[in-house]
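Biologist: Please take one part of this model and go through it closely. I would like to see what surrounds it and how it is held in the fold.

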Amino acid sequence: MSNPQYQDNVGLAPEKQKLRPPPMYKVLLLNDDYTPMDFVVQVLQEIFHLDRERATSVMLQVHNEGSGVCGVFTRDIAETKVMQVHESARAHHHPLKCVMEENK
């Protein structure tokens, strides 16, 4: 009688794992009635590396629609961007809020 503990696994192909891309997260700025538009444009240029035209467009979206997408990133990068926005806003005494949500 053979012992299954000592059987050779010869002939068994290793299972291939399907690699999925990491989930991506949208980083959004939220509108408030106090943060100056110029500061929002500055944040978009410095933290999200948008050119002035694109930064102005996102700022207007935030102003007119209540929020605007700054970019889509992996989780760690999105968390870092949110933190950088909050630190900059705090340093300049502005109530600007930034959030992230899974990009579906």
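**A close look at one helix**

Modeller: Lys81 is found in helix H3. Helices here are DSSP runs of H or I with at least four residues, strands are runs of E with at least two, and both are numbered from the N terminus. The model is predicted, so local features need pLDDT of at least 70 and side-chain atom pairs pLDDT 80 or more, while totals for chains, interfaces and linings use all residues. Residues are numbered from 1 along each chain as its sequence is written, and side-chain values use heavy atoms, leaving out hydrogens and water.

The setting comes next. The protein has three helices and three strands. From the N terminus their order is β-α-α-β-α-β. The chain has 104 residues, and 29% of them are buried. Buried means under 20% relative accessible area, exposed means over 50%, and partly exposed lies in between, with a 1.4 Å probe and protein chains only. Take the contacts between residues at least 6 apart in sequence: 71% of them join residues at least 24 apart. A contact is a pair of heavy atoms within 4.5 Å.

Now the helix itself. H3 covers residues 75-91, which is 17 residues. The expected span is 1.5 Å times one less than the number of residues. That gives 24 Å for H3, and the end C-alpha atoms are 24 Å apart, so the two agree. After H3 comes His93, whose phi is positive, near 60 degrees.

Which residues of H3 are buried? They are Ala78, Lys81, Val82, Val85, Ser88 and Ala89. Down the helix axis these residues fall within an arc of 130 degrees, so they line one face of H3. The arc is taken over the directions from the helix axis to the C-beta atoms. An α-helix has 3.6 residues a turn, so residues three or four places apart point the same way. The face of H3 turned away from the buried side carries Asp76, Arg90 and Ala91, which are exposed.

What does the buried face pack against? The buried residues of H3 pack against strand E1 (24-30), helix H1 (37-46), strand E2 (67-74) and strand E3 (97-102). Helix H1 has buried residues too: Phe39, Val40, Val41, Val43 and Leu44. Those residues of H1 pack against E1, H2, E2 and H3.

Back to Lys81. Lys81 is buried yet has no salt bridge. A salt bridge needs a side-chain nitrogen of Lys or Arg within 4 Å of a carboxyl oxygen of Asp or Glu. The nearest side chain of opposite charge is Glu46, 11 Å away. For charge, Lys and Arg count as positive, Asp and Glu as negative, and His and the chain ends are not counted. Leaving aside residues up to four places away in sequence, Lys81 touches Val27, Ile47, Phe48, His49 and Phe73.

Phe48 and Phe73 deserve a look of their own. One aromatic pair is counted in this model. The rings of Phe48 and Phe73 have centres 6.2 Å apart and planes at 35 degrees, so the pair is tilted. Rings of Phe, Tyr and Trp (its six-membered ring) pair with centres within 6.5 Å; planes under 30 degrees apart are stacked, over 60 edge-to-face, and the rest tilted.

Salt bridges do occur elsewhere: the count is two. Glu79 and Arg75 are four residues apart in H3, about one helical turn. Glu79 is partly exposed at 36% relative accessibility. Arg75 is also partly exposed, at 43%.

The other salt bridge joins Glu101 and Lys26, with the closest N and O atoms 3.3 Å apart. Glu101 lies in strand E3 and Lys26 in strand E1, so the pair ties together parts 75 residues apart in sequence. The C-alpha atoms of Lys26 and Glu101 are separated by 5.4 Å. Lys26 is partly exposed at 21%, and Glu101 is partly exposed at 38%. E1 and E3 are also among the elements that the buried residues of H3 pack against.
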